[in-house]
Amino acid sequence: MSENYRAPIVVVVGHVDVGKTLLLDKIRNTMVAYREPGMITQHIGLSYLPWPIIEKYAAPVIERYRLKGKVWVKGFLMVDTPGHAAFSNLRRRGGSVADLAILVIDLTRGFEEQTYESLILLKSRNIPFVVAANKVDRIYGWKPIPNASILDSYNAQDEETQGRLEEALANIIMDFNKQGFEAERFDRITDFSRQVPIVPTSAVTGEGIPDLLVLMAGLTQRLVKDRLRLVGGPGKGVVMEVKEEKGLGTTMDVVLYDGVMRKGDTIVAMGLNGPVVTRIRMMVMPKPLDEMRDPEDKYMHINEVEAAAGVKVIADGLDDVVPGSSVYVVQGDPKPYIDEVVKDAASVKIETDQIGVVAKADTLGTLEAMVLYLRSQGIPVRKADIGPVTRRDIIDASVVRRKNPLYGVVLAFNVKVPKEVEEEAKVQLVTIFQNNILYRLVEEFTKWFNEEKS
Ligand code: GTP
Ligand code: MG
């Protein structure tokens, strides 16, 4: 039954230093030991983990739950996120390109600033997730069993050590409760559609990783199956990042979630100044580590790529492309595709005469997440746009200020405020709030709002 389903796209999120990258590295390296040659492909910030290899690695867990032959998930396409911008750009109209997420929390530290931030983003995009409570090897007295199921490891610990793990888990569960989520150790869950499962893991010893992977397969089959059905045909994707690369010029990293993309294809994406129609000159992917002999030559050229995948695209006119924009391969008349990317961008940007704040963000993805969050907090938005704060924004806010001083402000998320714009804001008595953490930004604004109101 798996023919028409693609691998789920799994995004790994969480606070700095909790072990997101090391978890992925550990999985990849361990998988290498189990793999048939060439089976693990490294895409742009993505790695593909085929199920047949996971199955060998996770055999004890699969046996415990009698899952042999019952898993039709082909594998996972794992996306490591260095920050919330990349995560926010995994968007498509009305939702997310990521099908599932792993929220990594450091067991020894519990909830941290970006844990809250990640939760807001997961909630606003409605992405089901599992929690990896990582660094279990740091629990005092822990005796590791490399790559074991966490339940086997747990049972092998003495009572005090088990107690220390339970205490750390209880704290995390309590923090989830405060955020309005019900969470539970994964093997104690009674209802997966309601409760968030927590798996203790270690990216150093590999413990808990088999449980995490098997759990993800289960959740995929239960919760997101319909999303994985492929339509096929010309490629559909999303622009994660646009950047200069030495020797390649301006490139864009694309996550393809349906169809096929080929070298020479005409593609359409949204630019800062309108839609960009161009031809793919080149597509590359990083070479697998064991083939990377010459560090100058870290990419391999590819002619064709099929969803789900990540790929770096080289073409003319990419400088202008907005991260978070949709990208479509054109077949026949480009008009409908152009209309589609324009409509998509328009669904995020806001321009009204309404009383409300001016919202600015660095990408289409962060802007969308910001507007969704502002609305969930009951804060009206007059204007939402991409890019640094401009004089125009200050004037728009000052117009609002005259009618309602409390909403005549600019909220700047991850964008710069040029000096002359700051000066203009002072003259116009417009307050600019600036922060790279979404909930902090909104918190600062609401605090100011309540003080000014009274
Ligand atoms: P950012 O990408 O900066 O957000 O961090 P990250 O979440 O990718 O964390 P990373 O994988 O870089 O790990 C951060 C530090 O924690 C490194 O020094 C790791 O060696 C250490 N670390 C990660 N996972 C574990 C673990 O399971 N156990 C122990 N003992 N250390 C870990
Ligand atoms: Mg990292």
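**Ground rules.** I note that local features in this predicted model need pLDDT of at least 70, that side-chain atom pairs count only at pLDDT 80 or more, and that totals for chains, interfaces and linings use all residues. Residues are numbered from 1 along each chain as its sequence is written, chains are lettered from A and ligands numbered from 1 in the order in which they are written, and side-chain values use heavy atoms, with hydrogens and water left out.

**Entry 1, the cores.** I began with the largest nonpolar core, which has 86 residues. For a nonpolar core I take buried Ala, Val, Leu, Ile, Met, Phe, Trp, Tyr and Cys residues joined through side-chain atoms within 4.5 Å. Buried is under 20% relative accessible area, exposed is over 50%, and partly exposed is in between (1.4 Å probe, protein chains only). Phe76, Ile102, Phe129, Phe176, Leu213 and Met216 have the most contacts inside this core. Helix α8 (residues 209-224) gives the most to this core, with 8 residues. My helices (H or I, at least four residues) and strands (E, at least two) are DSSP runs, numbered from the N terminus. Another core, of 39 residues, lies apart from the largest one and includes Val322, Tyr328, Val341 and Ala359.

I then looked up the partners of Phe129, setting aside neighbours within four places in sequence. Among them are Ala101, Leu119, Phe176 and Pro197, where contact means heavy atoms within 4.5 Å.

Which residues are the closest to ligand 1? I found Lys20, Thr21, Leu22, Asp137 and Ala203, out of 15 that surround ligand 1; a residue is near if one of its heavy atoms lies within 4 Å. Helix α1 (residues 20-34) brings the largest share of this shell, 3 residues.

I went on to the polar contacts, which are pairs of N or O atoms within 3.5 Å; within protein, one must be able to donate a hydrogen and the other to accept it, and residues adjacent in sequence count only if both atoms are side-chain atoms. One oxygen atom of ligand 1 is 2.7 Å from a polar backbone atom of Ala203, and a polar side-chain atom of Thr21 lies 2.8 Å from an oxygen atom of the ligand. The side chain of Arg138 has an N or O atom 3.5 Å from a ligand nitrogen.

Strand β20 (residues 350-351) holds Glu351, which is exposed because its relative accessibility is 55%. I found a polar contact of 3.5 Å between the side chains of Glu351 and Arg392. Glu351 and Val381 are 30 residues apart in sequence, yet their C-alpha atoms are 8.7 Å apart.

The peptide bond from Ala307 to Ala308 is cis, with omega near -5°. Ala308 sits in the loop between β17 (304-306) and β18 (309-314). I also logged a positive phi of about 50° for Arg66, not a glycine, in the loop between α3 (59-64) and β3 (75-80). Asn414, also not a glycine, has a positive phi of about 65°.
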